[in-house]
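Me: I would like to go through the terms used for this model and see what each one rests on. Please set the values against the definitions.

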Amino acid sequence: MPATSREPVQEFFSIGEVCALTELKPHVLRYWEGQFRFLSPAKNRSGNRVYQRREVELIQLVKQLLYTEKYTIEGAKRRLDELRKEGELRPAARQALEVATWQGIESELRQILRVLATPVASSD
């Protein structure tokens with residue numbers, strides 16, 4: 001019998017999880033926190049950063065603007081302000097995360113295809 005309930009969506013992430021998801025280094029995330037006012041993760045009782053899902057989406061959008069679209073920090077800030085004023089910030093952030101997810105899946109599939117295409121040496 002198939003399950004009728006979905007797995008819960010993770011809403012909070014440690015800095016290590018965010019780094020794994022975004023392929024960014026912790027020092028980059030900490031730097032961006034000082035540059036982009038909307039990146040201000042809460043801290044738990046131990047003092048560790050706790051990122052919300054929406055912040056992960058925004059981080060991926062910032063990464064896209066800086067690394068893919070080649071904006072400067074100031075240019076990215078202006079673009080994010082434009083998106084916010086247009087009411088398009090959340091949709092753009094979600095789309096950036098989706099694109100990154102699909103790119104990761106595509107990369108993993110290409111790696112699998114390379115492994116499958118590699119001839120296996122026979123041990124006669």
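Reply: Contact means heavy atoms within 4.5 Å. The model is predicted: local features need pLDDT of at least 70, side-chain atom pairs count only at pLDDT 80 or more, and totals for chains, interfaces and linings use all residues. Residues are numbered from 1 along each chain as its sequence is written, and side-chain values use heavy atoms, with hydrogens and water left out.

Me: Which residues is Ile 59 in contact with, leaving aside its neighbours within four places in sequence?

Reply: They are Val 18, Thr 22, Leu 24, Leu 29, Trp 32, Leu 39 and Tyr 51.

Me: What makes a set of residues a nonpolar core?

Reply: The members are buried Ala, Val, Leu, Ile, Met, Phe, Trp, Tyr and Cys residues joined through side-chain atoms within 4.5 Å. The largest such core has 25 residues, and Trp 32, Ile 59 and Leu 61 have the most contacts inside it. Helices α1, α2, α3, α4 and α5 each supply at least two residues of this core, and the largest share, seven residues, comes from α3. Helices here are DSSP runs (H or I, at least four residues), numbered from the N terminus.

Me: Why is Phe 36 called buried?

Reply: Buried means under 20% relative accessible area, exposed over 50%, and partly exposed in between (1.4 Å probe, protein chains only). Phe 36 has 2%, so Phe 36 is buried.

Me: Why is the aromatic pair of Phe 36 and Phe 38 called tilted?

Reply: Rings of Phe, Tyr and Trp (its six-membered ring) pair if their centres lie within 6.5 Å; planes under 30 degrees apart count as stacked, over 60 as edge-to-face and the rest as tilted. Phe 36 and Phe 38 are 5.8 Å apart centre to centre with 45° between the planes, so the pair is tilted. The structure holds two aromatic pairs.

Me: What makes a space a pocket?

Reply: On a 1 Å grid over the protein atoms alone, where a 1.4 Å probe is used, a pocket is an open set of points with protein on both sides within 12 Å along at least five of seven lines; lining residues have an atom within 4 Å of a point. Phe 36 and Phe 38 are among its lining residues.

Me: Which element gives the most to that lining of the second largest pocket?

Reply: α4, with four residues.
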